[in-house]
Amino acid sequence: MEFSIKIEGPEKRRSACVVVGVYQSGKLSISAKLLDQAVKHVLSDVISRGDMQGKLGSTLLLQKLPGALAERVLLVGCGKEDEMNEKNYLSVMTAAIKHLNGTGTTDATLYLTELDVAKQSLAWKIRQATIAIQDTIYKFDHLKSKPEDHPQALRKIAYALPDRNELATAELALTEGLAIAEGMTLAKNLGNLPGNVCTPTYLANEAKKLAKTHQLAIEVLDKGAMEKLGMNTLLSVSRGSREPPKFIIARYQGGAKKENPIVLVGKGITFDSGGISLKPGAEMDEMKYDMSGAASVLGTLKAVALLKLPLNLIVVIPASENLPDGAASKPGDIVTSMSGQTVEILNTDAEGRLVLCDALTYVERFNPECVIDVATLTGACVIALGHVTSGLLANHEGLAQELLAAGQASCDRAWQLPLWDDYQEQLKSNFADMANIGGRAAGSITAACFLARFTKKYRWAHLDIAGTAWRSGKEKGSTGRPVPLLTQFLLGRANQAPKIIVKSKKK
Ligand code: BES
Ligand code: MN
Ligand code: ZN
């Protein structure tokens with residue numbers, strides 16, 4: 001899809017389709033009103049006859065209106081004007097795109113960013129609309145022998161502005177929205193690939209491709225290198241698999257050399273059967289998404305590289321399968337992690353924390369500004385928060401607040417859970433420094449408590465995306481979350497950077 005920004009009134013715009021909003025009260029949006037005057041009040045007539053009632057997300061396509069230069073006009077219902085919030089605004093956008101996709105329209109001009117959305121700026125409206133539109137038209141059908149039969153005519157979308165006042169802002173917002181959407185597409189594609197395609201080696205190759213395109217430094221450690229480093233908890237997970245594990249490190253340098261990097265660590269279990277603590281069969285196929293943390297940090301890296309943000313970012317992915325075989329780790333096995341702490345593996349299905357803890361020890365060497373790990377870590381998180389919000393736990397309150405705000409701003413929310421020491425007791429082991437599970441109570445918190453034992457040397461936050469990274473049921477598929485949250489967080493960090501430089505120059 002090609003996006004652009006245009007400054008032109010709806011009555012003068014030569015386009016296959018002009019898209020304007022109508023409220024449930026029958027009130028026309030500003031552009032709809034302008035158009036209505038040019039077409040001798042056809043729009044008002046249509047509304048007064050009851051053919052378009054303005055219900056949220058309803059659509060009506062009109063053809064060849066005399067007085068308009070566009071071939072078509074699409075009316076989109078905006079619901080009640082005083083209820084126009086972020087969620088409703090995005091459903092207006094997606095309703096318009098869904099309708100247009102089923103028509104012969106090749107290009108459309110949207111006059112919907114003029115809608116007054118509770119407290120939101122034009123930049124927000126353009127950025128989030130772009131993300132929502134790209135999400136709506138996303139398809140993953142290249143593994144079907146014949147592509148599905150819905151030709152997509154729509155190729156170009158323009159956002160129309162009334163004047164040049166906010167043109168630069170709008171263009172920047174569009175660039176940001178497109179970069180985030182591209183990052184999400186990468187994350188979705190990787191997430192949707194089956195486990196027999198998307199193996200640890202495949203993930204490593206994808207990271208190499210990304211590095212080549214954007215001139216990033218990349219390193220992939222194999223099993224031997226991991227053994228030398230003493231990554232025994234990570235290696236304990238891959239023992240039962242015939243696919244070799246990979247440890248991926250990709251670096252983007254957009255800031256000064258001496259500037260400490262932000263580090264993202266993504267759980268890369270390309271299939272989680274549970275290992276010897278085998279999962280039940282129902283819906284086990286969904287465990288191909290257990291590398292969504294890895295996919296989302298690669299997607300974020302892509303967005304950051306596309307935007308050339310002035311900061312340093314390192315992405316680290318411990319990648320492995322979790323399968324049972326004769327060599328697999330057994331419940332009761334005790335392993336020594338890279339940090340030297342010993343772990344009793346009471347349940348081989350709690351493997352995410354085992355691969356992450358060695359990665360979290362490894363990243364100490366980067367002297368990180370902060371570390372954020374992203375993982376489909378616990379089923380308990382889905383029970384606690386459902387599919388709406390990711391779980392957030394952190395050892396630094398400022399970092400936690402920054403991530404919560406980024407989630408809010410990018411419609412990719414997180415919700416904080418406590419990381420109190422009181423929960424640490426649940427991880428006591430009779431035979432090792434800790435057990436890898438803490439019982440049924442507060443499963444997401446004890447999982448984070450386990451990780452917290454490996455992140456004492458830096459500011460750290462953990463995102464549990466078990467409920468948000470993919471959808472089950474009819475619409476089954478990867479969501480690309482939390483690429484928006486993470487990129488928004490990094491955009492925030494990047495925007496601070498020039499200010500800091502200006503300050504130090506003045507001194
Ligand atoms: N990958 C799963 C977590 C998961 C479960 C994500 C369901 C999405 C949906 C993780 O490796 C896991 O199996 N966790 C266990 C931990 C338990 C054994 C303490 C879980 O949540 O059941
Ligand atoms: Mn598991
Ligand atoms: Zn898992």
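This is a predicted model. I will start with ligand 1, which is surrounded by 16 residues. The closest are K279, D290, D349, E351 and G379. If you sort the shell around ligand 1 by residue class, you get seven charged, five nonpolar and four polar residues.

Next, the polar contacts. The side chain of K279 has an N or O atom 2.8 Å from an oxygen atom of ligand 1. G379 uses its backbone instead: a polar backbone atom there is 2.7 Å from an oxygen atom of ligand 1. With T376, a backbone N or O atom lies 3.3 Å from a nitrogen atom of the ligand. How much of the accessible area of ligand 1 does the protein cover? On its own the ligand has 510 Å², and the protein covers 78% of that. As for location, ligand 1 takes up the space of the second largest pocket.

Now the metals. Ligand 2 is a manganese ion, and its donors come from D272, D349 and E351. D272 gives an OD atom and E351 an OE atom, while D349 contributes both its O and an OD. The distances run from 2.1 to 2.2 Å. Along the chain, these donors follow the spacing D-x76-D-x1-E.

Ligand 3 is a zinc ion, coordinated by K267 through NZ, D272 and D290 through OD, and E351 through OE. Here the distances are 2.0 to 2.4 Å. The spacing along the chain is K-x4-D-x17-D-x60-E.

Where do the two sites meet? One link is D272, which bridges the manganese ion and the zinc ion. The two ions lie 3.2 Å apart.

On geometry, ideal angles for six octahedral donors are 90 or 180 degrees. The zinc ion has six donor atoms with angles of 79 to 176 degrees, and its site is octahedral.

Conventions
Residues numbered from 1 in each chain as written. Chains lettered and ligands numbered in written order. Predicted model: local features only at pLDDT ≥ 70, side-chain atom pairs only at ≥ 80, totals over all residues. Heavy atoms only, no water. Near = heavy atom within 4 Å. Polar contact = N/O pair within 3.5 Å; in protein donor to acceptor, adjacent residues only side chain to side chain. Areas by Shrake-Rupley, 256 points an atom, 1.4 Å probe, with all protein chains shown as cover. 1 Å grid on protein atoms, 1.4 Å probe; cavity = no way out; pocket = protein on both sides within 12 Å on 5 of 7 lines; lining within 4 Å. Sits in = over half its atoms within 2 Å of the grid points. Nonpolar A, V, L, I, M, F, W, Y, C, P; charged D, E, K, R; others polar. Donors = N, O, S within 2.8 Å, 3.2 Å for Na, K, Ca; no water. Tetrahedral: all angles 85-135°; square planar, octahedral: opposite > 155°, others 65-115°.
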